[in-house]
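Good morning. I will go through one structure today, starting with a single helix and then moving out to the chains and their contacts.

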Amino acid sequence: MPQPLLEVENLQVQFRTDDGLVKAVEGISFELAPGETLGIVGESGSGKSVTNLALLGLIPKPPGIIAGGTARFHGNDLLRMSQRQLSHIRGHEIAMVFQDPLTSLNPFLTIAEQLTEVTRLHLKFSRSKALRHAIEMLERVGIPAPERRIHDFPHQFSGGMRQRVMIAMALSCKPQILIADEPTTALDVTIQAQIMEMMKSLQKQEGTAIILITHDLGVVANFCRRVNVMYAGKFVEEAATDALFAQPRHPYTLGLLNSIPRLHGAGSERLVAIPGQPPDLIRLPPGCSFRPRCPFSVARCELEVPPLDPAPHGGRAACFVDVTTAPQHEPIGEAVG
Amino acid sequence: MKTAAAPREKFEKQPASGKPLLEVRDLEVHFPFQRGPLWARQRGFIRAVDGISFSIREGETLGLVGESGCGKSTAARGILNLVKPTGGTVLWKGEPIQGLNEREMHPFRRQIQMIFQDPFASLNPRMTVGAIVGEPMKIFNLYPATQRKLEVMRLLEMVGLNPRFLNRYPHEFSGGQRQRIGIARALAVQPKLIICDEPVSALDVSIQAQVINLLEDLQQQLGLAYLFIAHDLSVVRHISDRVGVMYLGKIVELAPAEELYLHPKHPYTKALLSAAPLPDPVAERARHRIVLVGEVPSNDQLYQGCRFANRCPIAEPSCSLSPPPLEGSPHSVACFLADKEPSGPAVAAR
Amino acid sequence: MSPLTPRPENLTDRDLERLAEAQRVKGVSLGLDAWRRLRKNKIAMLALGFLGLLTLLAVFTPLLPFQPPRRVQTKLKYAPPDPIWQGVFHPTSQLLDEHGQWDEAAANDGFGDRDLDPFSHFLLRTRARIFGPWEFASLCGRDELGHDLLSRLLWGARLSLAVAFVATFVSLIIGVTYGAVSGYLGGWVDNLMMRVVDILYSVPFIYVVLFLISILSQPTWKARLAYYGITRITIFFFVIGAIYWLTMARVVRGQIMSLKNEQFIEAARTIGASKSRIIFRHLVPNVLSVVIVYLTLTIPKVMLFEAFLSFLGLGVEAPDVSWGLLANAGVKVITPIQVYWWLVVFPGLALGLTLLSLNFLGDGLRDALDPRLKNK
C-alpha cells in the first residue's frame, strides 16, 4: 500500500447546544491513498459531513469543538493548523464540492470572477492566464461554449451546469484531494449520471483522491473502491465496495441494503425496513448506538461499545455478532413514535 | 364500531373493473409569463403540463416518474384544483371536477387527499399534532370534539405513532414521524384516492422503507388508490401497479410496472433506467449507461414534433415533424421508433 | 351506522383513560421554546422586568400614597427633591377632611377624581382607607406650580403607557388584518390594497394630526364629542394607531407572501380549509413572532410621537399629565441663571429607560424567535 495522503485518527467533533453536548463525530479513523476514491455513507445526522468540514477547519467554533484526534496531511495536522495556514490548503491542495450548487456560488459575481479567484490566489496566475485556465476548466467539465458562458452569472446556469462549475472550480488548482459532499443529491438522475461520468474521467486524468460523501448506496457502488459506513458519529463498517455489497458484516449496513427497493429483479415483495429512528446524538444509548434498532443484538451490546475490528470480508466491522449466522429477533428499541 | 376502540374497519377492495375512480383526459396546465424589458416584452406560456391522460381505478397505484420540471407535481395540483388547469377534463367517478371553485370543489376534497414532499414544511409549526390531524374532520364537521380526539388518536396509532403525543408540536418529531403525521392528516376524512407527491424523497434511506411499507399496509387495509409521484425509479417500481413516465409535460410511456421496467420502449425511459445508480457494484460495472447529452430544455416553447428528439440517441429527422401519439394497450408509448429498436434495458447508446 | 356520520358522545371508560393519558403529554410549542431561550438572555429579562414593574406601578398608582399630581402649592414652587434621610412618608394628605371623611373637593382638585374611571376611583378610595393622611415625600422635586414631580411621573406613566399600548394595539389589529388579507389574496386585490397604503404613506401625517387635533380642540366639536363620551385622549389613541399600522401592514404582507407558498398552506387547501381559516389559523400565527418583535419597536416610536405632540402642545393637555408634557416642562425651565435639573433629569430618565428597555426586549425577542438559530 502506498504512503497514505491523508491519515485521520480518532477524530472527535462535538457541538454545544442549549439541550446538551451533541457528539457529532465520535472517534473515527481512516486513510486515503493518492488517487483513491473513498466513500462515506450515512444518513442525515450521522456525522459524515461534519467529519469533512472538520478536516478543512470549517466547523464554526463555537458551538463546535474538535474534541480530539489528528488528521495528518503531508506530515502536518490539519486539525491544529491556524485558519491562515488552512486557507493555503483549502481550495489548493484540498478542494471541496458541496451539495447545493446554488448557494455555493456568489450570485453577484460572474463565473469568470469566481473561477479565476482561486488560481490567482493560490497559483499566482495573472488575470489573463487565470481566465484562459478557467475557460479550459469549464470545457473539461463539459460546459458548451465556455468562452462565452464564463461571463454569465450563476443564475443563468441550470443546476447541473452549476455543479459542473463547482467541480471546475474545485479542480482548478489540481488539488490532491477532492471532498465531494453529496455532489449529485440535488440533481436529476440523468444529470447525476453525466456528472458522475465526468468526475470519473477527470479523476483518471488528474489522479485526484476523492472522498465522496453520500447517502445513496447506488452512487457509492458506481463510484467508490472502498466504503465507510457511518452511523451516529462512528464508522460501523469499512470494506472494499464489492465485499461490502456482497456480504455486509454490520447489521446497519445489511438493513440499509435490504431497505432499498430494487430496480431489477423481483419488485413487489415487502421492503425490510430498519425500525425506529436514528438515535439522539445528545442522549446516545449505552453500548452500541444501533442496538435499539438492531435485530441481532445480544446482551453484550448494551454493555460495551463494539470496536471496529477486522471482519471476514477483508474490511472491518463494529459488531459483536456474525450477521450471517446470528438469530434474528424483534429489535428491543422503543416503538416508533 | 360506535367507539374508536373497536377494531378498525376493513374496507372491501372493489373489483378492479368498472368505472375508474379518477380519469384525466388531456389535462393542460399552462402558466402565462412575461419577461424582458418593457419595450421588448415577451409573452408566452410555460407549458408545465401539456395534455396528459390517465386513469386510476379503486385500490390501484399509478406511479408518475420524471425529472424535475417535467410537470408531474403540477399535474397533481391541477387535478386538485390547487392550480387551475387551462385545458382538458378531470373526472371523479365520471363527474367533471376541473376548474371548480373552492366551494364546488369542497365535497371532492374529502375524496382526494394529498401527501407532501417536505415533512418539515407541510405541517403548520404552530399547531399541535392533534390539531393538524383533527383539522380536516373539523372542517368537514365529522365528529363531536371529544370523539374527534379519539379518532385522531386512532389514526396516529394506525400510522405507527404513539397516540399519546396528541399535544406535541411537529418540531418535536423526526422527519419520518412527521411524514406519518402528514399521512394521518390525509387519512382523516377517509379519502378514496391519495396523491403522494414525492412522499419519501426527503427521508433517509432507512426511514423511506418504513413509510413505503406503511403506505402499502394502509392501501391494503383501507382500499386506497394512490397517485404516486416520484423521481426515484426504484421506489415507484416497488409501489406502483402501473407507471407513467413524464418528459416535458407529456407522458411518453405508460405501462404496467413490471412490463415498463423489464421492457421499456421509449428511449427516454431507457435512458432514465440506465442512469439510475444501482446499489450493486458488480451490476454497475457490467451495465452500459446511456448518458443523455444536454439537459431538459425549457418548456416555454411549442414543439412541432417529439419533445425528446433533440436529446434522443435514436432520433430521426422525421421525429421533429409531428408529435408522436401515446399508443398501445396496456403498454402505451409515444415514440415513432419504439418498435424499430429491440426493447430492453441493455440497449446502449453513447 | 356509517363511520362518517357524527356519533353521539358515548365514551367508554377506556376512551376517557386514553384521553387523560394524552392530556398528560405536553408539547413544547414554538412560543414556549422561544420563551425558554429568552429567559437565558439577562438583559432582555431585566428589560422585561423593568417594563413589567413599570406597568404594574402605573396601573396601581392611585392605590399608592403619592401626592396629588394636580395639587398646586405655589409656596413650594421649584422646591428641590426632599432629601431621603428626612423621611419618606409625611402625614400631609388632604384626601380626608378633619373628621377623617373622604374629601370630595380635595380629591377632585388633587387627582381629577371626577374624571377618573371607576377602577382608579376605587383604588383611590382604598388608598385613603389604607394610608390615611400619609403620603410620599417629594422625592423628585417640584415644578413651577409646586406639583410633586414623582407623583406626576407615575400618573404620567399611566397615560403615556396607555397611549403607547392602545395605539400599538390598534395598529396591530389593522395592520395584521390588512397585511394578511392583502398578502394572501395577492393579484389585483393586493395591488389595490398596497397602493392605498402607498398613498397614505405619502400623506404628511404630522399635518393631518395638527389639523385634526386643532379642529377637535374647538369648543363646539369638543362638546359634541364629549356628548358621545369621546375624549380627546381617545381620539389621540386612534389617530396614532392609524398612522403606525401602515408599516405593520407592509411587514405582515411580506411575511405572508413568503409563507403562503409553503406546503402546509397547500395542505390546508387540500383539506378544504376556507380562505379566512387559512389566513387567521395558519398564516397569522406564523407571522406573530415577527409582529411581536416589530411591536416592541413600534411602542417606543409611539411613545416618542406622543411626547413630540405633547411637546408641541397638541397632545395631552393639562391638567392631564404625560411624560411628553413633563419633558416639555423640564425643557422650558432650562435657563442660564437657574437650572432646575430634576425637572429635566427625572422625566428624561423615565422616558429613556423605558425606550431602552423596549429596544433590549425587542432585540432579545428577535434572537429568541429567530428560527434560524433553532436546531431542528
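**One helix in chain A**

Helix H6 (residues 159-171) of chain A has 13 residues, which at 1.5 Å a residue should span 18 Å; its end C-alpha atoms are 18 Å apart, so the two agree. The expected span here is 1.5 Å times one less than the number of residues in the helix. Helices (H or I, at least four residues) and strands (E, at least two) are DSSP runs, numbered from the N terminus.

Before I go on, this is a predicted model: local features need pLDDT of at least 70, side-chain atom pairs count only at pLDDT 80 or more, and totals for chains, interfaces and linings use all residues. Residues are numbered from 1 along each chain as its sequence is written, and chains are lettered from A and ligands numbered from 1 in the order in which they are written.

Back to H6(A). How many of its 13 residues are buried? Twelve are, so H6(A) is largely enclosed by the rest of the structure. A residue is buried if 20 or more other C-beta atoms lie within 10 Å of its own, exposed if 12 or fewer, and partly exposed in between, with C-beta atoms placed from the backbone. Among the buried ones are A:Gly160, A:Met161, A:Arg162 and A:Leu171. The cover over the buried residues of H6(A) includes strand S6 (94-97), helix H3 (111-122), helix H4 (127-140), strand S7 (177-181) and helix H7 (189-206) of chain A.

**Chain A as a whole**

Chain A has eleven helices and twelve strands. A compact globule of 337 residues would have a radius of gyration near 20 Å, and chain A has 21 Å, which agrees. That radius is taken over C-alpha atoms, and the globule rule is 2.2 Å times the number of residues to the power 0.38. Along the principal axes, the C-alpha atoms of chain A fill a box of roughly 65 × 50 × 45 Å. Of the 337 residues in chain A, 50% are buried. Among contacts in chain A between residues at least 6 apart in sequence, 67% join residues at least 24 apart. Two residues are in contact if their C-beta atoms, placed from the backbone, lie within 7 Å.

**Chain B**

Chain B contains ten helices and eleven strands. Its radius of gyration is 22 Å, close to the 20 Å that the globule rule gives for 350 residues, so chain B is as compact as a globular protein of that length. The C-alpha trace of chain B spans about 65 × 60 × 45 Å along its principal axes. Buried residues are 55% of the 350 in chain B.

Now to one strand. Is strand S3 (residues 61-65) of chain B mostly covered or mostly open? It is mostly covered, with five of its five residues buried. In a regular strand the side chains alternate between the two faces of the sheet. From S3(B), B:Thr61, B:Gly63 and B:Val65 point one way, while B:Leu62 and B:Leu64 point the other way.

S3(B) runs parallel to strand S8 (residues 225-230) of chain B, and five bridges join them. Two strands pair if DSSP finds at least two bridges between them. B:Thr61 has B:Tyr226 as its bridge partner in S8(B). Four bridges join S3(B) to strand S9 (residues 242-247) of chain B, also in parallel, and there B:Leu62 is partnered by B:Arg242.

Chain B also has an open sheet of four strands in the order S2-S1-S4-S5, with antiparallel pairing. Strand S2 (42-56) and strand S5 (95-96) of chain B are the edge strands, each pairing on one side only. Inside that order, five bridges join strand S1 (residues 22-35) to strand S4 (residues 87-92) of chain B, and B:Val24 stands opposite B:Val90 in S4(B).

**Where the chains meet**

The contact between chains B and A takes 41 residues from chain B and 39 residues from chain A. On the chain B side, helices supplying at least two residues each include helix H5 (175-187) and helix H7 (233-239). Which helix gives the largest share of that side? H6(B) does, with six residues.

Chain C meets chain B through 34 residues of chain C and 44 residues of chain B. On the chain C side, helix H1 (13-24), helix H11 (263-270) and helix H12 (275-311) each supply at least two residues.
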